[in-house]
Amino acid sequence: MSNAVTTQGLNRLLADTTVLYEKLHAFHWYVSGPQFFVLHEKFEELYNRFAAISDDLAERILTVSGKPVATLREVLDLADIAEYDGATAAQDMVATLVRDLDQLLEKSARVIESAESAGDRGTVNLLDGFRDEWQKTRWMLNAWQSA
Ligand SMILES: [Fe+2]
């Protein structure tokens with residue numbers, strides 16, 4: 001059903017979504033300026049989504065007999081997405097998020113390829129859904145940036 005490459009790929013995605021969950025909290029807390037209320041709320045919506053996505057990724061890994069990363073140390077070892085860097089400007093936060101979503105889209109495309117070659121439809125379906133959502137969020141953040 002699955003293979004080690006796919007499971008490792010799912011774990012790397014999980015590490016990234018876990019970092020992003022935490023980073024979105026920092027954005028929610030530290031955003032400042034005239035866009036505060038809009039972004040404070042948007043970042044909350046997004047960290048709630050990333051909490052659910054991380055849980056779905058971890059449970060998919062368990063379903064295919066893998067072991068999801070479960071400590072922050074392991075998460076930071078495995079993640080490519082960078083932690084919160086102290087930004088307070090809304091523009092910087094949104095630009096960072098667009099880049100992070102690009103990373104997730106690129107990485108998840110590779111995991112889909114390995115899942116497809118292993119005949120792992122469950123993983124393909126799960127990631128396809130997340131990708132639709134990440135693409136839509138990226139479009140919205142880009143629209144906000146060009147306002
Ligand atoms: Fe809050």
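Predicted model: local features only at pLDDT ≥ 70, side-chain atom pairs only at ≥ 80, totals over all residues.

Residues are numbered from 1 along each chain as its sequence is written, and side-chain values use heavy atoms, leaving out hydrogens and water.

Q: Why are H1 and H2 called roughly antiparallel?
A: Helix H1 (residues 4-30) and helix H2 (residues 36-63) pack at an angle of about 155°. Angles over 145 degrees count as roughly antiparallel, so H1 and H2 get that label. Their axes are 8 Å apart.

Q: What makes up the contact of H1 with H2, by class?
A: That contact has 17 nonpolar, 8 polar and 2 charged residues.

Q: How do you know whether Asp 16 is buried or exposed?
A: Look at its relative accessible area, which is 0%. Buried means under 20% and exposed over 50%, with partly exposed in between (1.4 Å probe, protein chains only), so Asp 16 is buried. Asp 16 sits in helix H1, and its side chain reaches the backbone nitrogen of Ile 81 at 3.0 Å.

Q: Why does Ser 114 count as buried?
A: Ser 114 has 13% relative accessibility, so it falls under the buried cut-off. Ser 114 belongs to helix H4 (residues 90-117).

Q: Which residues is Ser 114 in contact with, leaving aside its neighbours within four places in sequence?
A: Asn 3, Val 5 and Thr 6 are in contact with Ser 114, where contact means heavy atoms within 4.5 Å.

Definitions and conventions: Axes fitted to C-alpha atoms, helices over the stretch in contact; angles between N-to-C directions. Helix = DSSP H or I, 4+ residues; strand = E, 2+ residues; numbered from the N terminus. Parallel < 35°, antiparallel > 145°, perpendicular 65-115°, else oblique. Nonpolar A, V, L, I, M, F, W, Y, C, P; charged D, E, K, R; others polar. Polar contact = N/O pair within 3.5 Å; in protein donor to acceptor, adjacent residues only side chain to side chain.
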